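Let's take a friendly look at how two protein chains can sit together. Please have the sequence and the 3D view open as you read.

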There are 2 protein chains.
Amino acid sequence: MSKSTLGTAKARREQYGQGGTERGRRTRALLLAAARTVFERDGYLDARVADIVTAAGVSHGTFYTYFDSKLQVFRGVIAEVSAEIQDAVTVPLGERGDRDPSDFVRRLDLSNRRFLDVYRKNHRMLMLMEQMATIDPEVGERRVLGRRRHIERIAASIRRLQREGLVPRDLDPRVAAGALTSMVANFAYHWLAMGEAFDEELAKSTLTRMWLGAIGYTPARS
Amino acid sequence: MSKSTLGTAKARREQYGQGGTERGRRTRALLLAAARTVFERDGYLDARVADIVTAAGVSHGTFYTYFDSKLQVFRGVIAEVSAEIQDAVTVPLGERGDRDPSDFVRRLDLSNRRFLDVYRKNHRMLMLMEQMATIDPEVGERRVLGRRRHIERIAASIRRLQREGLVPRDLDPRVAAGALTSMVANFAYHWLAMGEAFDEELAKSTLTRMWLGAIGYTPARS
DNA sequence: CCTAAATTCGATACCGATGTCGAAAACCGA
DNA sequence: TCGGTTTTCGACATCGGTATCGAATTTAGG
């Protein structure tokens, strides 16, 4: 053991595959970017490792120094996208700070809009993520977790509104949160990924309006 | 030409592949049923033609007498399921007969419940259909058409309610119908196909309630 | 029974993409 | 310049599933 100059790709991967050196990290990033381009163009199944390495301008063997399969590089790309979505959605509904209930509508609208914008930007990869969620357990897991987290956040908001008497107390927060998440996410899917045509501003504002109507939100009791 | 006893599978397919005889029709149906079983168990990608023919108790070659590819037999199965969904959803909201607007809620609720029941019954294939919609253009087309039809029906209902003053006129029927369809269909997907746990009756009634709330439906103006 | 049409059989050709490997090349500190 | 380390290279083995084909078998009519 302790040979110098590792011979097999697998050994290299385990040794310094994550990018032990600046150069290595660059190549890895290059491959990740190229993979994304190819996936967006061809989809997961039709994408070939050969195309990815061509796009990255490296050789076939190099790919396997950094990823042990096409699937793994896909997961890598998806991880980036997921993080971006997470950010866009998480921030705005922030729990701390101004608790003024009248701000709720504004925050909700902002959250939805941010989500839709990020969705549009990444629609191709998100569509693939949706598809791969049923093929690869790990991608599926990631999708489920993202959704669960989001639902929990929404459910908490609903409960707060119920305590404040702005939403009927007999509405089940979990079911409602699930349905609302479905409404927004799936509408985005058909609109932005599948190309159903809608006027941008109309769609966004209608979505927020329906969101509020669905939970029976009553503006105020002045 | 005009040989008797066709030699190649392709020729047979074109000649009497649809089932020229009772026996042939039976085998074809057998294969279709077996395919469905295997797809439901293994998914599309992992399903092998070898498994399908084993399940059907016929030989490999026979399969290709009736279908020219794994994809085509999948389309066949999907066609059956689509038809079943279509039926369940179409009937109840029927446009003729009792136009009593107070019946609307009842009809809507019934339609949603039927949809959810059929979805549960076929959840595995519907999940696969969702997946394949992004892989095979023909399946994708079918899905889009189904959704479009459904949206148009819903939009028409909304317009009627608007004319009757039960729903605000400034709500865009198309966007609303799209969002509602997304809400119900995608909620069903996560609940019935992905196994998110919800109480059955609670989920169903909440869905209808939110549906109505989302369009700003006002029961009556007595 | 006999023949022709209809159906079934299953060994095999085929295929292309993935992932491996041994060695060359580039890099870096001394 | 040198030795060791890190990275790159690209020809090639491997693999498993799809689809094919010519022959065998079954069916139905006369």
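Through which surface do the copies meet? They meet through the same surface, because 100% of the interface residues of chain B are also interface residues in chain A.

This is a predicted model, in which local features need pLDDT of at least 70, side-chain atom pairs count only at pLDDT 80 or more, and totals for chains, interfaces and linings use all residues. Residues are numbered from 1 along each chain as its sequence is written, chains are lettered from A and ligands numbered from 1 in the order in which they are written, and side-chain values use heavy atoms, leaving out hydrogens and water.

| Between chain B and chain A | Value |
|---|---|
| Residues in contact (heavy atoms within 4.5 Å) | 36 of chain B with 36 of chain A |
| Buried area (accessible area lost by both parts together, 1.4 Å probe) | about 3,300 Å² |
| Salt bridges (Lys or Arg side-chain nitrogen within 4 Å of an Asp or Glu carboxyl oxygen) | four salt bridges |

Carbon and sulfur atoms give 66% of that buried area. Val175(B), Arg209(B) and Met210(B) supply 18% of the area that chain B buries against chain A, more than any other three residues. In one salt bridge, the side chains of Glu196(B) and Arg147(A) meet at 2.6 Å, N to O.

Key. Buried area is the accessible area (1.4 Å probe) that two parts lose on being put together, summed over both.
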